[in-house]
Amino acid sequence: MTKLWGGRFQKTAEQWVDEFGASISFDQKLVLEDLQGSMAHVQMLSSCKILPQQDADLILSGLQTLQKKAENRELEYSVSNEDIHLNLEKLLIDEIGPVGGKLHTGRSRNDQVATDMHLYLKNRVTEIIELIEAFQSAIVEQAETHVETVVPGYTHLQRAQPISFGHHLMTYFWMLQRDKERMQESLKRIDVSPLGAGAMSGTSFPIDRELSAELLGFSGVYQNSLDAVSDRDFILEFLSNSSMLMMHLSRFAEEIILWSSEEFRFIELDDTFSTGSSIMPQKKNPDMAELVRGKTGRVYGNLFGLLTTLKGLPLAYNKDMQEDKEGMFDTVHTLMGSLPIFEGMIRTMNVNTASMEKAVNSDFSNATELADYLAAKGMPFREAHDVTGKLVFTCIQRGYYLKDLPLEDLQAASPLIEDDIYETLLPQTAVKRRNSLGGTGFDQVHHQLGLAKKLIG
């Protein structure tokens, strides 16, 4: 089959070479964006009197026919036509005749593919932002229910201080808020049109790039034609932002996996987001959380893959840049699967408040309260820390917790201790007293929730 670009060639490539070089197996995902870009381009060509109105109308009609077929999944593509751009051009010529060959006037596949990816990412990032907000809403819903549910807080995966479970959950809200803001900020770099930059140096035709950009809904155009066709920063930024988002989901997944274990029993996931074992009937596995944790690695890989591809490329376009798409598509697919899964897991999970209460009353996470109590009565904190540490050691030897020690034993360690210490050592009291801005105190958690609700509308 003669290539659309094959005029200067005397030989045709073997089929396996064509298959190796072709991108149609994956870049067909850009079909609607490619048609959208072509429609804007032909309208601009007509407006600038580069194409006769009759030709432009016929081309536009043909593109609209292809668009309907694409939406109904009726288009058939050929590897011999390499990519989505040449496949659609060939299909257009088949549909309306040789006049379809005029569509490519004043543009190149280089600015065409860049335009497609800008359009694609603009749409997908907007959808991802909406998915993040839905997930944030699920977190707020659970956190609001469990403001006064007290749970052990951990550092080094060792029990540290009692905290509000709602406060713990809201940590992920703020991580997601930063992820959302990064995605929103990235739209400034995505929402720029490369169309009209040509292969690398612009075009001799009197085109109107601002009109093309306006027709496509872009807020501006690239000011340098070389930059327009060689820039993939906007994809790298998306992949980088996605990697941080997936890292946050992975951390949350790890905690969900721990919390749902028999050792913690803090939560139980809904059956919808769990699986069983083929051999052990009792098992209820947090497989969806594990999958999200595992898929984080592939998103990281997509980022590093594209960084490596781009690092040694001279200007402007090189065939290497065909490798920019599969990782982008895969990352979009991964995010748009992971975020709804997480929203569903959090919105439907059952919180075992009895297990949390038992845990927080069976540890030494209130030790800091005793140290703070002594410091508030004038004892230097470092001395209060030492006194408390010795009392903890005494408790461990006797099989007690601090709240179980008789008052005389506490007062033997320090006469500053009075019987109000037992109220101070209660987990609920410990949490409630931590009312500094951003702290785990119940009033502060309610304050956080108020701020959060404004951010997600």
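Where is alanine 316 placed? Alanine 316 sits in the loop between helix H11 (287-310) and helix H12 (325-348). Helices here are DSSP runs, H or I, of at least four residues, numbered from the N terminus.

Before going on, some ground rules. This is a predicted model, where local features need pLDDT of at least 70, side-chain atom pairs count only at pLDDT 80 or more, and totals for chains, interfaces and linings use all residues. Residues are numbered from 1 along each chain as its sequence is written, and side-chain values use heavy atoms, with hydrogens and water left out.

Back to that loop. A cis peptide bond joins leucine 315 and alanine 316, with omega about 5°. Most peptide bonds are trans, and most residues other than glycine have a negative phi.

Aspartate 324 is in the loop between H11 and H12. Its relative accessible area is 2%, so aspartate 324 is buried. Buried means under 20%, exposed over 50%, partly exposed in between, with a 1.4 Å probe and protein chains only. Aspartate 324 touches Met117, Arg232, Ile235 and Leu306, leaving aside residues up to four places away in sequence. Contact means heavy atoms within 4.5 Å.

Now, two positive phi values. Lysine 49 is not a glycine, yet its phi is about 60°. Lysine 49 lies in the loop between helix H3 (31-47) and helix H4 (53-71). Lysine 49 is exposed, at 73% relative accessible area. Glutamate 82 has a phi near 70°, also positive in a residue other than glycine. Its loop runs between H4 and helix H5 (84-96). Buried or exposed? Glutamate 82 counts as buried, at 12% relative accessibility.

The largest nonpolar core has 99 residues. Such a core is a set of buried Ala, Val, Leu, Ile, Met, Phe, Trp, Tyr and Cys residues joined through side-chain atoms within 4.5 Å. Leu121, Ile139, Phe252 and Phe342 have the most contacts inside the largest core. Helix H10 (residues 233-259) supplies the largest share of this core, 13 residues.

Take phenylalanine 252. What does phenylalanine 252 touch, not counting residues up to four places away in sequence? The answer is Phe135, Ile139, Leu169, Tyr172, Trp259, Phe342 and Ile346. In soluble globular proteins, nonpolar side chains tend to be buried together.

Last, back to H11. Tyrosine 300 is found in helix H11. Tyrosine 300 is partly exposed, with a relative accessible area of 32%.
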